[in-house]
Amino acid sequence: MAGSAREELSALAAIFCGPGEWEVLSCSETDGAVFRILTEARGLTEADVPLELVFHLPVGYPSCLPGISVRSERLTRAQRAAVREALLEQARSLLSEPMVHQLVLWAQQNLRHILAQPGSGGGPGEGPSEAPSGSGDEGPWLALLHLDHMRAKTRYVRAVRQWASALGLTGRLLFAGKEYLVLQKTSKVDVDSSGQKCKERMVSVLFERKVQPGDTRFPAFEVKEFSSLDALQKEFETAGLERLFHEFVPGLVK
């Protein structure tokens with residue numbers, strides 16, 4: 001990791017020092033750092049909305065975008081996707097400089113404006129328990145996820161295949177060297193350092209939105225392995241996801 005990224009981690013730990021506000025999930029010279037920040041932001045109803053922001057700083061950061069996941073029990077899937085996309089758009093204007101604290105502050109200041117945008121699924125009753133059936137979560141979604149580790153590869157692949165079959169999911173589980181990208185997570189499927197089954201926590205949602213007209217749809221779920229970055233890029237290009245590759249993948253596999 002770059003020295004500026006390590007300095008940023010130290011600064012963030014000092015800033016978000018309240019109970020449960022800050023947790024480092026993983027950190028290494030080869031995979032970068034994954035951590036989560038718990039905060040709150042004013043929603044459409046003026047009530048505070050709890051936000052769990054998970055950031056993945058790849059080894060190329062801050063010259064490349066961080067991975068960002070947004071979680072909140074008070075927001076629907078469409079709303080979380082809108083917030084994540086807005087944060088990534090803001091991050092594009094901050095490349096080459098430490099940006100996480102600025103992104104958190106920006107989310108705190110702008111959440112209600114993001115939720116008020118057309119297509120964000122905002123409106124009265126912004127929480128999923130109050131959201132009407134037309135809240136925007138229906139229909140197929142496109143997601144790009146990054147897994148930070150996989151100790152029990154055979155078990156993991158078998159479980160992902162089972163999920164895809166049971167849930168009617170299509171997509172790809174892609175391996176490039178020791179890195180991998182998937183389209184779903186759940187359950188106890190990996191093992192921890194002591195060999196015990198554990199839930200997958202090192203997952204970053206790099207991108208997520210509803211499928212749009214013109215998107216290429218995967219006909220089935222497949223597991224593929226690639227020996228080079230060029231071969232992996234061709235797989236993305238074939239699927240019509242070249243922009244996602246250039247925006248997210250190179251920083252993960254350096």
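Q: Which residues of helix 2 and helix 3 meet, and what counts as contact?
A: From helix 2, Gln79, Ala82, Val83, Ala86, Leu87, Gln90 and Ala91 meet Leu103, Trp106, Ala107, Leu111, Ile114 and Leu115 of helix 3. Contact means heavy atoms within 4.5 Å. These residues divide into 11 nonpolar, 2 polar and no charged. This is a predicted model, where local features need pLDDT of at least 70, side-chain atom pairs count only at pLDDT 80 or more, and totals for chains, interfaces and linings use all residues. Residues are numbered from 1 along each chain as its sequence is written, and side-chain values use heavy atoms, leaving out hydrogens and water.

Q: Why are helix 2 and helix 3 called oblique to each other?
A: Helix 2 (residues 77–92) and helix 3 (residues 100–115) pack at about 130°, with axes 10 Å apart. Angles under 35 degrees count as roughly parallel, over 145 as roughly antiparallel, 65 to 115 as roughly perpendicular and the rest as oblique. The two helices are therefore oblique.

Q: What makes glutamate 208 buried?
A: Glutamate 208 sits in strand 10 (residues 203–210). Buried means under 20% relative accessible area, exposed over 50%, and partly exposed in between (1.4 Å probe, protein chains only). Glutamate 208 has 14%, so this residue is buried.

Q: Which residues does glutamate 208 contact, leaving aside its neighbours within four places in sequence?
A: They are Arg77, Ala81, Arg84, Trp141, Leu142 and Ala143.

How values were computed. Axes fitted to C-alpha atoms, helices over the stretch in contact; angles between N-to-C directions. Helix = DSSP H or I, 4+ residues; strand = E, 2+ residues; numbered from the N terminus. Nonpolar A, V, L, I, M, F, W, Y, C, P; charged D, E, K, R; others polar.
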